[in-house]
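Colleague: Could you take a close look at the surroundings of the ligand and describe them in a connected account?

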Amino acid sequence: MRGDGGTPSHIPGPAADNDGAEAIAAAGGLHDYQLELHAEYGPVVRFPLPGAGVAVSVADPVLLEATAKIDKRPEKLFEFLAPLQEAGNLQTIPAAEHGPWRRTMLSVLAGRPSHEAHFAQFTALTTELADRWAAAAGPVVLQRDLSELSLRMICRYALGSGLDDAESAGRVVSSFETVLTEYMAQPGPASAQAQEALAHLRATVDQVLAAHRDGGGAADRADLIAALAASGESPARIRDTVLMTMLAAHHTTGVAISWTLYLLARHPETAGRVTEELDRVLGDRATPDYGDLRNLTRLDMALKEAMRLYPPGPYGAREATEDVVLGAYTVPAGTTIFYPFRAVHLNPEYWPDPRVFDPDRFTAEASAGRPRLAYIPFGIGPRSCEGATLAMVEAELVLAVLLKRFQFDLAPGQTVTPIERFVLWAADDIRMNVAPRQSTI
Ligand code: HEM
């Protein structure tokens with residue numbers, strides 16, 4: 001952890017005479033604090049960040065380019081994930097180790113074969129949830145149910161053959177929930193139950209690995225575990241990867257879908273354009289095929305705009321490996337560089353009326369000329385999200401199935417307040433009344 005010693009005092013920012021926790025709490029959370037800081041001090045701000053000493057936050061997409069190749073995360077800030085990892089914390093392993101791992105991950109996660117191979121399973125899981133919602137007596141609870149659906153999808157994706165029956169799948173999902181609640185939420189030694197749940201998850205990955213070996217070990221371009229094994233990753237690193245993937249994939253995708261449904265319910269005209277498109281592209285089919293997704297432009301734009309306003313992962317961080325020049329300022333090597341994704345997305349210089357929900361910002365014409373890093377819900381550079389394209393496929397599929405089938409109306413009498421709880425989360429969840437929707441054609 002750094003003190004104030006080497007930090008760039010010429011960068012504007014508030015007094016750094018404490019660890020910053022109080023100011024963050026007073027602002028209502030780190031993402032609101034970032035908005036306040038950048039409104040007051042400009043696009044480059046120095047501020048005390050609990051656990052990182054003095055950090056430098058950058059909310060301008062052009063200035064961010066100078067940081068886009070950094071391949072190091074500050075260890076302190078990601079220490080909380082270490083107990084879940086056996087072979088080194090994947091969030092902070094050194095660049096030389098991270099690069100090959102990332103390439104293997106991308107060769108599967110970003111590839112069309114893997115999206116197509118899992119599409120039918122994802123569709124079946126989504127339809128199960130939709131059937132449950134259709135039978136629900138009262139309002140449905142979006143974040144809870146959609147995060148659970150996302151967890152089910154990523155479990156199937158990462159463990160496929162290890163989850164052949166509903167009972168094994170159910171046990172993996174509940175073990176993961178137990179691990180998450182205990183290891184992430186509470187400091188100190190984990191309970192016997194949590195240790196057992198973690199051991200179960202690891203044993204399941206080992207079973208899948210063993211099945212691959214028995215089956216000849218040929219790497220399938222759709223299979224994450226097979227690809228990791230074929231590229232020489234150790235069993236411990238493969239177990240870590242499955243856990244990290246489950247962790248990174250489920251609440252993020254769940255809230256991306258949930259915020260989109262929330263915003264569409266508040267903007268019926270925009271929702272109407274999305275559902276007209278769905279009716280036109282799907283006709284009387286209840287669910288899309290993989291190939292339909294590229295024709296669901298309105299849906300894609302609504303999802304992107306929802307992630308602009310409510311980026312599921314609202315910030316990221318890097319550690320400068322050498323001095324970084326940000327316009328008029330120089331940030332010394334060793335400094336924590338903070339990425340306030342939400343403040344970047346609400347930067348009025350690039351997003352006029354930044355708080356207005358307007359998916360038309362993402363038409364080709366409106367996007368032309370906008371700096372590349374003005375929109376970064378999946379982060380930046382060599383440590384950006386490996387699951388970005390898979391997440392878009394999952395979220396679009398789920399939204400297509402749900403919006404084709406249901407009319408969503410916000411249940412009255414609730415206040416929806418975004419807070420950060422590892423992801424950008426609605427504090428008291430989001431409750432919706434769902435009713436069958438009539439096709440417009
Ligand atoms: C809408 C859904 C998602 C959002 C918004 C999201 C966002 C992010 C963000 C902001 C980061 C940090 C990036 C940075 O520091 O620059 C990240 C990292 C990561 N995400 Fe995602 N993510 C999503 C879904 C997924 C999915 C589905 C997977 C896997 C299947 C995944 C796997 C990962 C991994 C492994 C990392 C760590 C990257 C690294 O250190 O190399 N994410 N994600």
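Modeller: Helices, like strands, are DSSP runs numbered from the N terminus, and a helix here is a run of H or I with at least four residues. With that convention in place, the account below describes a predicted model. The shell around the ligand holds 28 residues, of which Arg 73, His 98, Arg 318, Cys 385 and Glu 386 come nearest. By class, the residues of this shell divide into 15 nonpolar, eight polar and five charged.

A polar side-chain atom of His 98 lies 2.6 Å from an oxygen atom of the ligand. For Glu 386, an N or O atom in the side chain is 2.6 Å from a ligand oxygen atom. Ile 380 takes part through its backbone, where a polar atom is 3.1 Å from an oxygen atom of the ligand. The elements that give two or more residues to the shell are helix H5 (95–109), helix H11 (235–266) and helix H16 (388–405). H11 provides the largest share, six residues.

H11 also packs against another helix. The axes of H11 and helix H7 (residues 142–159) come within 7 Å and cross at roughly 140 degrees. Roughly parallel would require an angle under 35 degrees, roughly antiparallel one over 145, and roughly perpendicular one of 65 to 115; H7 and H11 are therefore oblique to each other. The crossing in which H7 passes H11 is right-handed. The residues of this contact divide into 14 nonpolar, nine polar and no charged, whereas the shell around the ligand includes five charged residues.

Conventions. Residues are numbered from 1 along each chain as its sequence is written. This is a predicted model: local features need pLDDT of at least 70, side-chain atom pairs count only at pLDDT 80 or more; totals for chains, interfaces and linings use all residues. Side-chain values use heavy atoms; hydrogens and water are left out. A residue is near a molecule or strand if one of its heavy atoms lies within 4 Å of it. A polar contact is a pair of N or O atoms within 3.5 Å; within protein, one must be able to donate a hydrogen and the other to accept it, and residues adjacent in sequence count only if both atoms are side-chain atoms. Ala, Val, Leu, Ile, Met, Phe, Trp, Tyr, Cys and Pro count as nonpolar, Asp, Glu, Lys and Arg as charged, and the others, Gly among them, as polar. Axes are lines fitted to C-alpha atoms, for helices over the stretch in contact, and angles run from 0 to 180 degrees between N-to-C directions. A crossing is left-handed if the near helix is turned anticlockwise from the far one by less than a right angle, and right-handed if clockwise.
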